[in-house]
Amino acid sequence: MGNGEFRMKLSPHGESAIRIELGESIDDDIHRKVHGLRDYIEKHPFLGMIECIPAFASVTVLYDPMKVRILNADHRESNNRSSYEIVVSIIEQMASSFEVSNHYEPRIMEIPVCYGGEFGPDLEDVAAHNKIKPDEVIEIHSSGEYLVYMIGFAPGFPYLGGMSERISAPRRSSPRQSIPEGSVGIAGIQTGVYPISTPGGWQLIGRTPLKLFRPSDNPPSLLQSGDIVKFRSISLQEYELYKGESQ
């Protein structure tokens, strides 16, 4: 990168992917670089590139090894290099001209949540762990702004950063065999939403009627890396209304 602040470590990730590490910590500055590099590569795809996947502090680029070699055969020096070496060269060339923008407009995504009761069976435990009232947990959780660092674990599952330590809580000692779709949970200082029914050990504090994973859409995940999420507390009646409208 031209401003001298851009550092990256390249390494193979399987036989048809390259991992670009931009740091070792989870913070907004590194994620901004991840988000910016992902966008830059997607806007300047190289021949044979398949997909670009962002994570907390890295970007993984998937490619077709055969196409990389065939479609880059016009480069004389490519004939004696592996597909991985060719992609490394391409990424390094991109990085030499890539500039991290200090200004990008993330999408603001509001997620309605019905807290407590049968939807949030661990709300009182989270409150007790932090020596506050359940209503305070709801107030703190729903007043924050959360950055979507990555989508993973399950299809459409957002890993959100920015939660207040005042409501942090450890994972459950005994994970549940099945967590309902839309459940909002807390694990450590992270919060997230289960987009599909799946086993899990996060502390459940509420549920959203929104569908975060939509297989027929493109992309299928409602949330994307780089989005800002705001939770809004709703009543059970509002929850049922949302569900009815989405049927």
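Residues are numbered from 1 along each chain as its sequence is written, and side-chain values use heavy atoms, with hydrogens and water left out. Because the model is predicted, local features need pLDDT of at least 70 and side-chain atom pairs count only at pLDDT 80 or more, whereas totals for chains, interfaces and linings use all residues.

The largest pocket has a volume of about 310 Å³. On a 1 Å grid over the protein atoms alone, a pocket is an open set of points where a 1.4 Å probe fits, with protein on both sides within 12 Å along at least five of seven lines, and lining residues have an atom within 4 Å of a point. Grid points are joined across faces, edges and corners, and the volume is the space filled by probe spheres set on the points. The pocket is lined by 15 residues, of which Glu51, Ile53, Pro54, Ile151 and Gln224 are the closest to its centre. Strand E3 gives the most, with four residues. By class, the lining comprises eight nonpolar, four polar and three charged residues, where Ala, Val, Leu, Ile, Met, Phe, Trp, Tyr, Cys and Pro count as nonpolar, Asp, Glu, Lys and Arg as charged, and the others, Gly among them, as polar.

The structure holds eight salt bridges, each defined as a side-chain nitrogen of Lys or Arg within 4 Å of a carboxyl oxygen of Asp or Glu. In one of them, Asp227 is paired with Arg107, and the closest N and O atoms are 2.6 Å apart. This pair links distant parts of the chain, 120 residues apart: Asp227 lies in the loop between strand E12 (203–207) and strand E13 (228–233), and Arg107 in the loop between helix H3 (83–97) and strand E5 (108–115). Asp227 counts as buried because its relative accessibility is 4%, whereas Arg107, at 38%, counts as partly exposed; buried means under 20% relative accessible area, exposed over 50%, and partly exposed in between (1.4 Å probe, protein chains only).

A salt bridge also joins Arg232 to Glu110, with the closest N and O atoms 3.0 Å apart. Arg232 belongs to strand E13 and Glu110 to strand E5, so this pair ties together parts that are 122 residues apart in sequence. Both partners are partly exposed, Arg232 at 27% relative accessibility and Glu110 with a relative accessible area of 48%. Lys211 and Glu181 form a further salt bridge, their closest N and O atoms being 2.8 Å apart. Lys211 is in the loop between E12 and E13, and Glu181 in the loop between strand E8 (176–179) and strand E9 (183–187), 30 residues apart.

Strand E5 is mostly covered, six of its eight residues being buried. Two strands pair if DSSP finds at least two bridges between them. Strands E5 and E13 run parallel and are joined by six bridges; the bridge partner of Val113 in E13 is Ser233. Strands E5 and E12 run antiparallel and are joined by two bridges, and Tyr115 stands opposite Gly206 in E12.
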